[in-house]
Amino acid sequence: MADPMRIRAQAQGDKTTVRVLMSHEMETGQRKDAAGKTIPAWFIQEVSATHNGKPVMTAQWGPSVAKNPFLQFTIKGAKAGDKVAISWKDNRGDTRTDEATVS
Amino acid sequence: MQNKTLILAAAALVATAVATGCATGPSPAELDQQALAMLKASFRDQGIATVDRLDQDLGQKACSSDKAPAEDVAKKIEADALASVKWPNGGQYVGDWREGEKLAQNGRGMTWTDKSAEPTANGANCYNCHEIDKKEISYGTIGPSLLGYGKLRDFKESEIKAAYEKIYDSHASFPCSLMPRFGANKVLSMDQIKDLVALLMAKDSPVNK
Amino acid sequence: MQTRRDMLTRSASVAAALAGLGLLPQTALANWSQAAFEAKTLPELMKALGTSGPAESKDVTITGPDIAENGAVVPVGAATTLPNVKRLLLLVEKNPNMLAAMFDVTDAVEPSISTRVKMGQSSNVFAVAITGDNKVLYAAKEIKVTLGGCGG
Amino acid sequence: MRRLVITTALAVASTAGFAQKSTADGIAEYRAMLADGNPAELFEAKGEDLWKKKRGPKNASLEQCDLGKGPGVVKGAWVELPRWFADTKRVQDLESRLLTCMETLQGLNAAEIAKAPFGKGEQANMEALAAWISAESRGAKMNLPQGHAEERRMYELGKRAFFFRGGPMDFSCASCHGEDGKRIRLQDLPNLTKNPGDGVGFAAWPAYRVSSGEMWSMQRRLNDCYRQQRFPYPGYASDVTISLGVYMGVNAKGAESIAPAIKR
């Protein structure tokens, strides 16, 4: 199973900045291993974010997003104590969801 | 237990102090020996990088300290280096600067992840330490800038020969130089060194633009 | 800069080609847009997304360093001051496939996101904003990818 | 269009020196952008879990591991390593000490872990543990003990290893890290023969390596230095690596640790 994400959600005024680090290889499918064999593509394709359960953003990623991806965005109106959840799904069908409390 | 260790340690200290007249542990010469033994015990062969790479010649041994070697030793290093240089037939020192630029960019070769130790598998690592073509902004500063190298020397025949010699064995001009002795240590072939000479000394090389 | 002009020319022709076809941007995608991520050129990408060619706009910003010490991780961001933005894209012109990431935003988030992309070589990087009324606007920035370290 | 004009103006105005300065500025900007969101955090979290998790044939956690400040004390341990350990009668760095704990507390095979390839299996676990343990000393100042005769001897041996030239390129550690203000390509090289400053050199490792997307502890850092030096292969947690740790760590006394950092 994939390792947990690190989610930081920090409120400032009526906005909350969310910073996410995900643990993922993000293999492009264009690299070769030492034996010359192509390493198959393995990357996060879909990401979604919710604020207190309500979807606020979805994203689609290609393999050129960097390994161990970083994502930053800002939610309007979120305040301390609110819940922010992030989910991802990769091209193998693996998924991971983690939640953080706005501080 | 702790007491015993302490006493033993103290006894050892006293013993060394008596033996060397120094109160802080083994003598510098003893430490030199211990360091060599430690290195031998710590490294192992991996691929082409075998432990005999730890066997030092004079140019390595005498340059392995934070102090410069004595003058007579430096002279010996210089003489050995000069004697090591193999000169190309017919005094033809200048190859193709385009090939030289490729070699200069290439930092590969001679590590335990490299398959072959043959010169054809090696780069010259030049940009790691030198500024060369001003179009390449990613250059190192361990060595001096080589911008305008040939032009600054009026493209003189004697300077072309000197450039060949420096690349072949840097210790011939600078004992303990940080620059690899590319020819003497068989990192690069004679033809590759000529290509590097061209990069530095050819009038149409980007170095002299 | 040459590349930039090329792109403007290309996008103009795509805009012309798509004009009148009435293609609207898809608003919510349930699945990964394979065609978009496989697009090699801007016209292909625009076609895959069902949008018209983009125009440069000062209302869109692309953030990123002038120089990246390593192409494996290059921080980039897309933002816009335009109202009613539905989608933000990040493109790397000289990557084998241009589209790196695509964000469908709602009114609950600011139209401003940052992430990190891989770059095979020095290239123009684009932030593209697509509005609810089908305007496609972009900003571009050149990011140089240098060689670092011992090179071995 | 506006950008185009600015770029042209810059090109006209730039001298070699100016261009170099802006390159350095560009790189500094790049590094600053990456520092906010260091994937090392992912490894720290994993390392903390590993420390507390019951594992190995003895089904024990590492919580009773003595990193030099007493069993279970992690805070502040990193900036005092390598140091002398009475139980093993050795000067040990973080990784070699972890191997001792994994063997004695958890019953894992230390020799096997030391031989395993970097970045996989128990070696990946080592990197995560090193990330977390070093993070527990973030902001503390390097303060390696030199009270024991063996600690002083290892410093002297480390110094000799640091200056030892060998291999087909004649390199030593000092070839690149013996002077101030030098670079390889665009990479700044700290002078490790003295205190290179807060969060530089020894005080910045373990680090997340952007180029490979992996966490590197000092053992792996040294291993790749020796690869680039064209030396033979240094054993994991061998005395040469530990003595170099003592040499660099003692030289860095008083420097603030920012480990785990993020590096190219």
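Visitor: What makes β3(A) and strand β4 (residues 54-61) of chain A a pair?

Guide: Six bridges join the two, in the antiparallel sense. Strands pair if DSSP finds at least two bridges between them. Six bridges meet that rule, so β3(A) and β4(A) pair. Val47(A) stands opposite Ala59(A) in β4(A). A strand here is a DSSP run of E with at least two residues, and a helix is a run of H or I with at least four; both are numbered from the N terminus.

Visitor: What is this model, and how are its parts labelled?

Guide: It is a predicted model: local features need pLDDT of at least 70, side-chain atom pairs count only at pLDDT 80 or more, and totals for chains, interfaces and linings use all residues. Residues are numbered from 1 along each chain as written, chains are lettered from A and ligands numbered from 1 in the order written, and side-chain values use heavy atoms, without hydrogens and water.

Visitor: Which other strand of chain A runs antiparallel to β3(A)?

Guide: Strand β6 (residues 83-90) of chain A, joined to β3 (residues 44-51) by seven bridges. His51(A) stands opposite Val84(A) there.

Visitor: What makes Asn52(A) stand out?

Guide: Its phi is near 50°, a positive value in a residue other than glycine. Most residues other than glycine have a negative phi. Asn52(A) sits in the turn of the β3(A)-β4(A) hairpin, which has two residues between the strands.

Visitor: Why is the link between Cys63(B) and Cys176(B) called a disulfide?

Guide: The cut-off is a pair of cysteine sulfur atoms within 2.5 Å. These sulfur atoms are 1.9 Å apart. The pair is inside the limit, so it is a disulfide. The count over all chains is two.

Visitor: Why is the disulfide of Cys63(B) and Cys176(B) called left-handed?

Guide: The torsion about its S-S bond is about -80°, so it is left-handed. Cys63(B) lies in the loop between α3 and α4 of chain B, and Cys176(B) in the loop between α8 and α9, so the pair ties together parts 113 residues apart in sequence.

Visitor: How do you know that Asp170(D) and Arg181(B) form a salt bridge?

Guide: A salt bridge needs a side-chain nitrogen of Lys or Arg within 4 Å of a carboxyl oxygen of Asp or Glu. Here N to O is 2.6 Å. That is inside the limit, so the pair counts. Chain D and chain B have four salt bridges between them.

Visitor: How many residues of chain D and chain B are in contact?

Guide: 40 residues of chain D meet 53 of chain B, where contact means heavy atoms within 4.5 Å. The buried area is about 4,400 Å², 60% of it from carbon and sulfur atoms. Buried area is the accessible area (1.4 Å probe) that two parts lose on being put together, summed over both. In chain D, Arg165(D), Arg185(D) and Tyr233(D) lose the most to chain B, together 20% of what that side buries.

Visitor: Where do strands of chain B and chain D pair?

Guide: β1 (residues 43-44) of chain B pairs with β7(D), antiparallel, over two bridges. Arg44(B) stands opposite Tyr233(D).
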